[in-house]
Amino acid sequence: MIKVEQLNKVFHLKTGDVIGVEDVSFEVDAGEIFGIVGYSGAGKSTLLRCLNLLERPSSGSIYINDTDLLELPQKELREARQSIGMIFQGFYLVSSKTVYENVSFALKAAGVPKQEWKERVTELLRLVGLEDKVDQFPAQLSGGQKQRVSIARALANNPSVLLCDEATSALDPNTTQSILNLLQKINRELGITIVLITHEMEVVKKICDRCAVMEDGRIVEQASTYKIFSQPKNELTQKFIATVLDINLPDKLRKECTGTVVQLKFIDGLASDSVVSDMLQNNQVTGNILHGKVDYIKDVPLGVFIMELKGTQKEVDQAIDYLYKRLKHVEVIQHGTHR
Ligand SMILES: Nc1ncnc2c1ncn2[C@@H]1O[C@H](COP(=O)(O)OP(=O)(O)O)[C@@H](O)[C@H]1O
Ligand SMILES: [Mg+2]
């Protein structure tokens, strides 16, 4: 559906060149929600703006449905752009126009006959849950409602792709949830492919099928959201994950431990398995659970437990071997002082 190959964007400024995006490649399947995360300045917005050529890449290719956007003549490019909707953190509604006018503006721009506007706008506002706000002005709406209007406007011309630039970053947590629910509904019911960029891992966790992590213009890691959360490889990815899955022991508690402290990860639904009780039955150690948490990443459980194991060094080593054989994801986070 979307295929980006070796994309580069360099800004040539008087003060020198600034790299926006460097050697970025990824693919997004039709019907997917693909997330791109990174800190401010990572190049997320530049990358997203390249996807609909709001920003002209310095080199590389962008295929949307097998068409190379960079090869299209002006007229075809304009048409192709209509199949790509976009929403932003700042909404960009026209303050002097009503909700109706803000949405119908997109239809007008696409040359849709005026007599068709009313029905289409009504349909769009119903989809985003704002039928009763049709004659209001943006200043009379909450942030979440403004974003709903901008979503309606972005969907006006039946795009196959929706690009979202930090669409929930200006919203409170409850409103964020409701906008994410709406994006998910649009994805599922209308089959619209979504590419969203965010600095909030929580957003990725909630709705993205796959995601990429960006740093200094590059993609440093990409995988399914579950894989990213359960087995992050890159240091930056690990940092992002830690903001959502808080699995660190308080220092004080850790210092008080005399046994070996291990972290166990239960990946792909093993959380209900009896590994820990089997380990205690089959090994001469005592185990003390210090921390335990099961998170759900798009409905698949990811369990992380921290245990202190006590016994002789040999017994503890055997217990860890046993856990490793059953779980694979076992990490010693502090060695104990064993007999
Ligand atoms: N129009 C521009 N002119 C010059 N530099 C830019 C421009 N847009 C972005 N940049 C630079 O490109 C880099 C990436 O910025 P951006 O894509 O906005 O990051 P993000 O969206 O991840 O915060 C930054 O160093 C930024 O200063
Ligand atoms: Mg940005």
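How many cavities of 30 Å³ or more does the structure hold? The structure, a predicted model, holds one.

**View 1. Lining of the largest cavity.** A cavity is a set of points, on a 1 Å grid over the protein atoms alone, where a 1.4 Å probe fits but cannot get out; lining residues have an atom within 4 Å of a point. The space in the largest cavity is about 70 Å³, a volume being the space filled by probe spheres set on the points, which are joined across faces, edges and corners. Among the lining residues are Cys 164, Glu 166, Leu 180, Leu 183 and Val 203. Strand S8 (193-198) and helix H6 (173-190) each supply at least two lining residues, and S8 gives the most, three. Helices (H or I, at least four residues) and strands (E, at least two) are DSSP runs, numbered from the N terminus.

**View 2. Shell around ligand 1.** Ligand 1 is surrounded by 13 residues (a heavy atom within 4 Å), the closest being Gly 41, Gly 43, Lys 44, Ser 45 and Thr 46. Strands S1 (2-13) and S2 (16-28) and helix H1 (44-51) each contribute at least two residues to this shell.

View 3. An N or O atom in the side chain of Thr 46 is 2.6 Å from an oxygen atom of ligand 1. A backbone N or O atom of Gly 43 lies 3.0 Å from a ligand 1 oxygen atom, and for a polar backbone atom of Ala 42 the distance to a ligand 1 oxygen atom is 3.1 Å.

Residues are numbered from 1 along each chain as its sequence is written, with chains lettered from A and ligands numbered from 1 in the order in which they are written. Local features need pLDDT of at least 70, side-chain atom pairs count only at pLDDT 80 or more, and totals for chains, interfaces and linings use all residues; side-chain values use heavy atoms, leaving out hydrogens and water.

Terms used
1 Å grid on protein atoms, 1.4 Å probe; cavity = no way out; pocket = protein on both sides within 12 Å on 5 of 7 lines; lining within 4 Å. Polar contact = N/O pair within 3.5 Å; in protein donor to acceptor, adjacent residues only side chain to side chain.
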